[in-house]
Structure formats: structure tokens, C-alpha cells
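Thanks for coming. I have one structure to go through today, so please look at it first.

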Amino acid sequence: MAEAPKAAAHLQRLNNRYSVPLGGMKTSAPTTGATHAWIGLGANLGERTAALRQAVQALAALPGTCVLRTSSLYRSAPVDAGGPDYLNAVAEIATTLDAHALLAALQAIEQAAGRERPYRNAPRTLDLDLLLYGNQCIATSQLTVPHPRMHERAFVLLPLAELAPEQVSPEALQAVSGQTIALHDGPAWLSAT
Ligand code: ADP
Ligand code: MG
């Protein structure tokens, strides 16, 4: 991670509007009643990029759901844990699933990717977090939205700022500017073979 740029410096080089080729996936929004949501994707075990690609495909295959855009791919060291570096990205979806149904679907995709939870912050084959669900605030025993730790994490805020800069304040970016994070691949990571 020695070559990794600091978060704030890297953000200045970001082009906020990417057009990502999502070959073969649904990219048009469902007709009525769809909510835009942002999903944080992470993996630090196994074939990380392949797992994230499969996760995006799985999101696009959910009922009433399409993937609108995906961010660049970032690399960061685990927070409060050991293990290999994470690869992280954010996907913007439109979905007719309600927030709890979407969370259940995210957990099913994690399970299918071999996710295990032996202890808190354990290394993982796939982590899917519901960052934002429209402009809703949700607090139930299963689900908190906006995600309660998203503003502490450069690996969430930088890719989210690519897709939705209006959702990430300068103050939030400043607060994570000391975290070390590297751009691992541009937005074409999703379609590269
Ligand atoms: P981590 O916080 O490290 O991502 P997990 O992925 O194991 O941990 O999630 C732990 C629990 O967090 C899940 O069982 C889920 O019910 C809960 N949770 C609460 N809010 C959210 C959210 N916005 N997105 C994903 N999981 C959430
Ligand atoms: Mg999670």
C-alpha cells in the first residue's frame, strides 16, 4: 500500500461522471415505484474482482431491479482487522424491492458467494451494505439506513462520491482524508476479462 494516494488528493483527480458499460445487464430503470439505492461492495478473500463482478450481476438479476452505474474499484487495508487488502466499489441501483427485502436479497447474494461470519470484522469473500435507500431513514433491529458507519470510511465515500457527489459532503470527505486508499482499477473493471 506504499504507493497509495491519500483519499483527499485522489478525490481531486476523480471524474465524477462515469459511463460504465454494463453488457448484458438490465440498465433501464423499472417503470414505476422504483427507488434509487446505493450498495457498497467489498471483498478481501478469494478472487476479489470476480466476486464483485458476480455480485453486480446478481444485483441486476434481482426482481424489479436494475444496476444503473458502478464506481471505480478501490483498494484499502482492513479497518480494525487483519487480513488481505479489500477491494471496494459502489453500485447505484433502481429497485421496486422495499428496503428490508433488498437487505435480505443482499445477504442471500453474500451467502451464495461463501460469506462466513466467524467474528466481527472477519475477512470476507463478499460484503454488501445498503448505504442509502432513496432519502429514507430506517432504524429497525435488522437495518439502519443510511448505513451507520458509511461516513467513517473512505472506501465507501470515495466511490459513492463518484456516482452521487450530492450525497457526500466536503466535510465528510475531509474527515476521511487521512485514510490510505488506492485506485485499483477504473470503472471498466466490471467488463474487463
Ligand atoms: P459489517 O458491518 O462488517 O458489514 P455484516 O455484513 O456482518 O457486518 O452485517 C452485520 C449486520 O448488520 C447484518 O446482520 C445486518 O442485519 C445489519 N445491518 C444493519 N444495517 C445495515 C445496512 N444498512 N446494510 C447492511 N447490513 C446492515
Ligand atoms: Mg455488511
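Helix α3 covers residues 99–112, and at 1.5 Å a residue its 14 residues should span 20 Å, which agrees with the 20 Å between its end C-alpha atoms. The expected span is 1.5 Å times one less than the number of residues. Helices (H or I, at least four residues) and strands (E, at least two) are DSSP runs, numbered from the N terminus.

This is a predicted model: local features need pLDDT of at least 70, side-chain atom pairs count only at pLDDT 80 or more, and totals for chains, interfaces and linings use all residues. Residues are numbered from 1 along each chain as its sequence is written, while chains are lettered from A and ligands numbered from 1 in the order in which they are written.

Which residues of α3 are buried? They are L102, L103, A105, L106, I109 and E110, buried meaning that 20 or more other C-beta atoms, placed from the backbone, lie within 10 Å of the residue's own. They cover an arc of only 160 degrees around the axis, so they sit on the same side of α3; the arc is that of the directions from the helix axis to the C-beta atoms.

Now to β5, residues 127–133. Six of its seven residues are buried, so β5 is largely enclosed by the rest of the structure. Strand β1 (residues 35–43) runs antiparallel to β5, joined by six bridges; strands pair if DSSP finds at least two bridges between them.

Last, ligand 1. β5 gives the largest share of its shell, three residues. Residues around the ligand, with the C-beta atom (placed from the backbone) within 6 Å, include L103, D127, D129 and L130.

Notes: Buried ≥ 20, exposed ≤ 12 C-beta atoms within 10 Å, placed from the backbone.
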